[in-house]
Amino acid sequence: MRISKVVFIKNALILTVSSLIIRFIGMFFRIWLAGAVGSEGMGLYTQIFSFYVLASAFASTGINTAVTRLVSEELANGNPKGVRKILTKCVIVTLFVALCSAVIIFFGADFISERLIGDPRATEAIKTLTFSLPFMGLSSCLKGYFIARKKSGPGGSAQIFEQLARIGIIVFIFSRRAAAGIGEACRWVILGDGLAEVCSFLYIYLAFLFDKRKNLPKRVGSSPPYSVLSKLRHIALPITVGRYLNSILRTAESLLVPKKLCESGLSSADALSVFGVIKGMALPLIFFPASFLSALSTLLIPEMSEAAARNQTYKVKYTVSRSIGITLITALPVAVIFFYAGRELGSIFYHDPDSGEMIKLLAPIIPLMYLDSVCDGLLKGLDQQVFIFRSSMTDSAIRLGLIMISLPRFGIIGFIGIMYLSNAFTCILNLCRLIKISGAEFSLFRRVVFPGVTALTVGTVAYLLLERFSLPDIPFVLLFSILTVGFYALIALKFGIITKDDIT
């Protein structure tokens, strides 16, 4: 096994394990948080957090990918001085953008809460989130540097530390004081999110200082033979603008959905509760098994960028084909498990039958969600950020239009239908683009039809078998998952859907 493959697998394992730990801890924290603030509180928090995502997208999103790609090139050329210059310029740009974003949101908090969210209780929480934006942007730069260095440990451990700090701070605040209302409770949660970002930055900055002394000598190398700012514009601007506009549209969606649900006949509290169940409970649980795929998506950016720069067309084609295959092999049985065991999972984790119903309804689009995430990383590594920007904007615009038209008439079922259409649209669009530019082979029968039918058949038989025994929720989910995955894997290995190359 080549050294590069060993390093890639090692980094994938590190990111996967850290992501699993983060998701596992975060899932149980969300269960606790849902109990502390209620489904209505989760709905309001989700709307406030959408502005957090909006601000963070502008402060950090594109810069991470830009740092990873530019630093990878300079490290490949053995140019520590070039790496230092890139990092300096990226830090300056990040701080400027983050501070501007923070100022705009802070002074616009009243307008955002009263006119956009329509709930004055959100004002203080929105103001509170702004102080963490510079730290978030700086952390993003440093995480991009470590991914370029093919060292996943510092970034992964920083995320774990951030999650633990978030939980500790929020639980401590709630244990000391009783919230005067949902608005104050949301402010405390946002405060915990912000302080955790500061802790994460301090952690990864210390790791960077140690790494810099050893690997970035000051007098070795030369300045990059190009304008760093020009390169930043080329790489980061489309990603940042695309993510920012997409976040604006998604934020508009978060504000619009509860209002349109009210027009379908729900009360304001019920509309927030339903929205909170989908965004704050069902979707986080659905994305929990995707830890390995998230790691794969992150690590593929420098790998694909390096292969494309060296005109290694076979490596690009091979990597794309394997990544698509592994993603679908993983996602299809996961979708079957969530479909048949959705109610039990909602009962186990949230003690909420509504969340179980939502998990079951959303389960069939899990393969599309997972595959789109991996395609996104591959396309960014192949310098396709402009295409991603266009497809994302188109998707968001279509979603908003459909929300305005369908939700007043069809209610929450209309929103579920929109999620199906949206995920299918972006996944198919990005997959077709990826296959076209990489030349990768894709067999619909081998990658989708046969494994999909196999997973569904095995899952159905396992469900009908276990249903007769009336098992408690936890034993049922465990046995059902083991039977489904086990027999699916055996059949897939027997017929060559999973090969030795896929698991080594």
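Predicted model: local features only at pLDDT ≥ 70, side-chain atom pairs only at ≥ 80, totals over all residues.
Residues are numbered from 1 along each chain as its sequence is written, and side-chain values use heavy atoms, with hydrogens and water left out.

**View 1. The protein as a whole has 17 helices and 0 strands.** Helices (H or I, at least four residues) and strands (E, at least two) are DSSP runs, numbered from the N terminus. Of the 504 residues, 53% count as buried; buried means under 20% relative accessible area, exposed over 50%, and partly exposed in between, with a 1.4 Å probe and protein chains only. Among the contacts with a separation of 6 or more, 83% join residues 24 or more positions apart, a contact being heavy atoms within 4.5 Å.

**View 2. The second largest pocket holds about 380 Å³ of space.** Of its 15 lining residues, Phe288, Leu345, Phe349, Val477 and Ser481 are the closest to the centre. A pocket here is an open set of points on a 1 Å grid over the protein atoms alone, where a 1.4 Å probe fits, with protein on both sides within 12 Å along at least five of seven lines; lining residues have an atom within 4 Å of a point. Its volume is the space filled by probe spheres set on the points, which are joined across faces, edges and corners. Helices α1 (3-76), α11 (313-350) and α17 (473-494) each supply at least two lining residues, and α11 gives the largest share, 5 residues. By class, the lining has 14 nonpolar, 1 polar and no charged residues. In this scheme Ala, Val, Leu, Ile, Met, Phe, Trp, Tyr, Cys and Pro count as nonpolar, Asp, Glu, Lys and Arg as charged, and the others, Gly among them, as polar.

**View 3. Helices α6 (residues 153-176) and α7 (residues 182-215) pack at an angle of about 150°.** Their axes are 8 Å apart; axes are lines fitted to C-alpha atoms, for helices over the stretch in contact, and angles run from 0 to 180 degrees between N-to-C directions. The crossing of α6 and α7 is right-handed. By class, this contact has 18 nonpolar, 4 polar and 4 charged residues. As for handedness, a crossing is left-handed if the near helix is turned anticlockwise from the far one by less than a right angle, and right-handed if clockwise.

**View 4. Helix α13 (residues 366-381) meets helix α15 (residues 412-438) at an angle of about 40°.** The two axes lie 9 Å apart, and α13 passes α15 in a left-handed crossing. The residues of this contact divide into 12 nonpolar, 3 polar and 2 charged. On the α13 side, look for residues including Leu368, Asp372 and Cys375; facing them in α15 are residues including Met419, Asn423 and Arg433. Tyr370 also belongs to α13 and is buried, with a relative accessible area of 2%. Its C-alpha atom is separated by 9.9 Å from that of Ile324, 46 residues away along the chain.

**View 5. Helix α14 (residues 385-410) carries Gln385 and Arg399.** Gln385 is buried at a relative accessible area of 2%. From C-alpha to C-alpha, Gln385 and Thr65 are 9.9 Å apart in space, yet 320 residues apart in sequence. Arg399 counts as buried too, at 4% relative accessibility. Beyond its neighbours within four places in sequence, Arg399 is in contact with Arg250, Glu253, Lys279, Phe415, Ile418, Met419 and Ser422.

**View 6. Ser355 belongs to helix α12 (residues 353-362).** Ser355 is buried, with a relative accessible area of 0%. Not counting residues up to four places away in sequence, Ser355 touches Val277, Met281, Ala282, Gly346 and Tyr350.

View 7. Arg447 counts as buried at 13% relative accessibility. Among the residues that Arg447 touches, leaving out those up to four places away in sequence, are Ser321, Gly325, Phe442 and Ile497. Buried or exposed, how does Ser470 count? Ser470 counts as exposed, at 64% relative accessibility. Ser470 also has a positive phi of about 50°, although it is not a glycine.
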